[in-house]
Amino acid sequence: MAGLGHDEYRGEQIFKWIWQKNVQDFSRMTNISKQLREYLNSTHTIKGLESQRIQQEDINAQKYLFRLEQGDYIESVFIREGKRRTICVSSQVGCPLGCKFCATGLLDFKRNLFAHEIADQVRAISEAVGEKCTNVVFMGMGEPLLNTGEVIKALLIMSSPLGLCVGRRHTTVSTVGLIEGMEFFLKSPVKVKLAISINFADEEMRKDFMPVTRSNPLREILQLARVYSKGKEMITFEYVMIKGINDRIRDAMNLIRLLKGIPSKINLIPYNEHPRLPYEAPTEKNLRAFYERLLNSRHTVVIRKSRGQKILAGCGQLSGSMTEQ
Ligand code: SF4
């Protein structure tokens with residue numbers, strides 16, 4: 001607005017109409033002069049994301065399919081749990097990292113999302129369910145730290161009191177542990193919770209299942225995790241447990257050794273099976289035994305059962321399946 005010769009606060013007013021009041025028509029922005037509204041209507045359009053399809057596991061777990069302007073598709077997930085209204089957002093169309101156990105990795109990588117496309121998933125879903133989003137997790141399609149610039153801009157929109165008002169402490173960015181992206185994030189003034197999807201304590205096995213480990217060795221990832229955990233926020237490690245692959249007691253002991261000295265929380269996530277992938281969820285017995293072994297360490301350990309598996313909306317299950325229906 002300043003560039004157009006108007007007071008800067010006009011920009012804030014428009015920002016608030018779009019992001020907070022869900023208004024996509026300049027004519028309805030009543031605190032702006034009629035003349036300016038008419039000018040903006042003749043020169044600009046506002047176009048938010050519209051969901052193409054919604055799948056519902058139950059009232060508390062929904063998956064949304066959005067079509068982007070260039071014709072690409074992304075999926076996002078809404079979870080209602082107690083007082084929490086969590087939206088799991090995508091940061092890329094597809095993912096180039098090809099982790100073996102992840103359905104998103106099967107898709108062709110098309111492009112990074114723009115900041116407005118990331119933040120708009122939160123606005124559009126909150127509007128569709130008619131409830132304010134309380135928590136955001138970057139665990140949808142893509143690796144957010146391959147798109148740090150746009151992710152940081154999206155975080156600013158999400159956390160702004162003029163925008164979506166989602167507290168930064170209620171926002172988690174989950175990464176496979178990209179050194180460069182983590183360093184960038186650590187220096188950024190935008191402080192949100194960081195979760196590292198560690199999954200394998202054995203470097204060779206991790207290289208096999210998560211090829212990104214070849215250029216981002218565990219040792220360096222953990223060094224940065226140590227730096228991060230010296231700040232106010234405790235770092236979270238996610239460990240997706242896969243039957244017969246990384247669910248043995250010796251894997252738990254290796255994990256304890258690996259994370260020694262890093263104050264952290266460990267989220268154990270039983271693998272969410274996908275029809276196109278050969279991997280299975282661990283047995284309840286192995287899950288409990290693994291969990292109890294970790295409890296004997298000094299970490300906080302939580303078993304996280306994903307919601308929305310039946311509609312392929314759980315962690316690692318987003319594969320654009322709704323585009324095929
Ligand atoms: S786990 Fe994350 S980084 Fe790996 S392929 Fe899936 S979306 Fe990409």
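Reply: Strands (E, at least two residues) and helices (H or I, at least four residues) are DSSP runs, numbered from the N terminus, and two strands pair if DSSP finds at least two bridges between them. This is a predicted model, in which local features need pLDDT of at least 70, side-chain atom pairs count only at pLDDT 80 or more, and totals for chains, interfaces and linings use all residues. Residues are numbered from 1 along each chain as its sequence is written, and side-chain values use heavy atoms, with hydrogens and water left out.

The sheet is open and has ten strands, in the order β1-β2-β3-β4-β7-β8-β9-β10-β11-β12, with mixed pairing. At its edges stand β1 (51–58) and β12 (300–303); each has a single partner strand, so one side of each is left without a neighbour in the sheet. From one strand to the next the twist averages 20°. Axes here are lines fitted to C-alpha atoms, for helices over the stretch in contact, and angles run from 0 to 180 degrees between N-to-C directions.

Within the sheet, β9 (residues 193–197) pairs with β10 (residues 235–241) in the parallel sense, over three bridges. Ala 195 stands opposite Thr 236 in β10. Helix α7 (residues 218–229) lies across β9 and β10 and runs at about 140° to β10; contact means heavy atoms within 4.5 Å. Another helix, α4 (residues 148–159), lies across β7 (135–138) and β8 (171–175), running at about 175° to β7.
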